[in-house]
Amino acid sequence: MATVEYAGKTFEVDEDGFLQRFEDWCPEWVDYVKESEGIKELTEGHQKVIDFLQDYYKKNGIAPMVRILSKVTGYKLKQIYELFPSGPGKGACKMAGLPKPTGCV
């Protein structure tokens, strides 16, 4: 199992860099992913997506389909990619501390 050290914290990650344990999610993790994604500043849009993903995951134990994410947040897929350049699965789910979604390449 790989680890990532950032801002004095150590995170266990899978082979794709996703958190192994959702409970380890914290602001330092967000900053780490933000930096690795090339996102300069978190906006309300980023937070809206992260909050929805986490809430959905807590209730259902999986990441939502992109269609549901888009419908609930009101963001079209293009807008989600503008917020998270590597996409809703790789970028947004990773930043939210979710495991790698099924079907995510």
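Helix 2 meets helix 5 through Val49, Ile50, Leu53 and Gln54 on its own side. Helix 5 answers with Ala92, Cys93, Met95 and Ala96. The residues of this contact divide into 7 nonpolar, 1 polar and no charged. The model is predicted.

Helix 2 covers residues 44-60, and helix 5 covers residues 87-96. Their packing angle is about 75°, and their axes lie 9 Å apart. Angles of 65 to 115 degrees count as roughly perpendicular, so helix 2 and helix 5 are roughly perpendicular to each other.

Helix 2 also packs with helix 3, residues 66-73. The angle is about 125°, with the axes 11 Å apart. Helix 2 and helix 3 are therefore oblique to each other. Their crossing is right-handed.

| Helix pair | Angle | Axis separation |
|---|---|---|
| Helix 2 and helix 5 | about 75° | 9 Å |
| Helix 2 and helix 3 | about 125° | 11 Å |

**Two residues in detail**

Gln54 lies in helix 2. Is Gln54 buried or exposed? Its relative accessible area is 8%. Buried means under 20%, so Gln54 counts as buried. Leaving aside neighbours within four places in sequence, Gln54 is in contact with Phe22, Trp25, Ala96 and Leu98.

Lys40 sits in the loop between helix 1 (27-37) and helix 2. Its relative accessibility is 80%. Exposed means over 50%, so Lys40 counts as exposed. How far is the C-alpha atom of Lys40 from that of Val13? The two C-alpha atoms are separated by 23 Å. Along the chain, Lys40 and Val13 are 27 residues apart.

**The hairpin**

Strand 1 spans residues 2-6, and strand 2 spans residues 9-13. The two strands run antiparallel. They are joined by 5 bridges. Which residue in strand 2 is the bridge partner of Glu5? The partner is Thr10. Strand 1 and strand 2 form a hairpin, with 2 residues between them. Ala7 is in the turn and has a positive phi of about 50°.

Methods. Residues are numbered from 1 along each chain as its sequence is written. This is a predicted model: local features need pLDDT of at least 70, side-chain atom pairs count only at pLDDT 80 or more; totals for chains, interfaces and linings use all residues. Side-chain values use heavy atoms; hydrogens and water are left out. Two strands pair if DSSP finds at least two bridges between them. Helices (H or I, at least four residues) and strands (E, at least two) are DSSP runs, numbered from the N terminus. Axes are lines fitted to C-alpha atoms, for helices over the stretch in contact, and angles run from 0 to 180 degrees between N-to-C directions. Angles under 35 degrees count as roughly parallel, over 145 as roughly antiparallel, 65 to 115 as roughly perpendicular and the rest as oblique. Contact means heavy atoms within 4.5 Å. Ala, Val, Leu, Ile, Met, Phe, Trp, Tyr, Cys and Pro count as nonpolar, Asp, Glu, Lys and Arg as charged, and the others, Gly among them, as polar. Buried means under 20% relative accessible area, exposed over 50%, partly exposed in between (1.4 Å probe, protein chains only). A crossing is left-handed if the near helix is turned anticlockwise from the far one by less than a right angle, and right-handed if clockwise.
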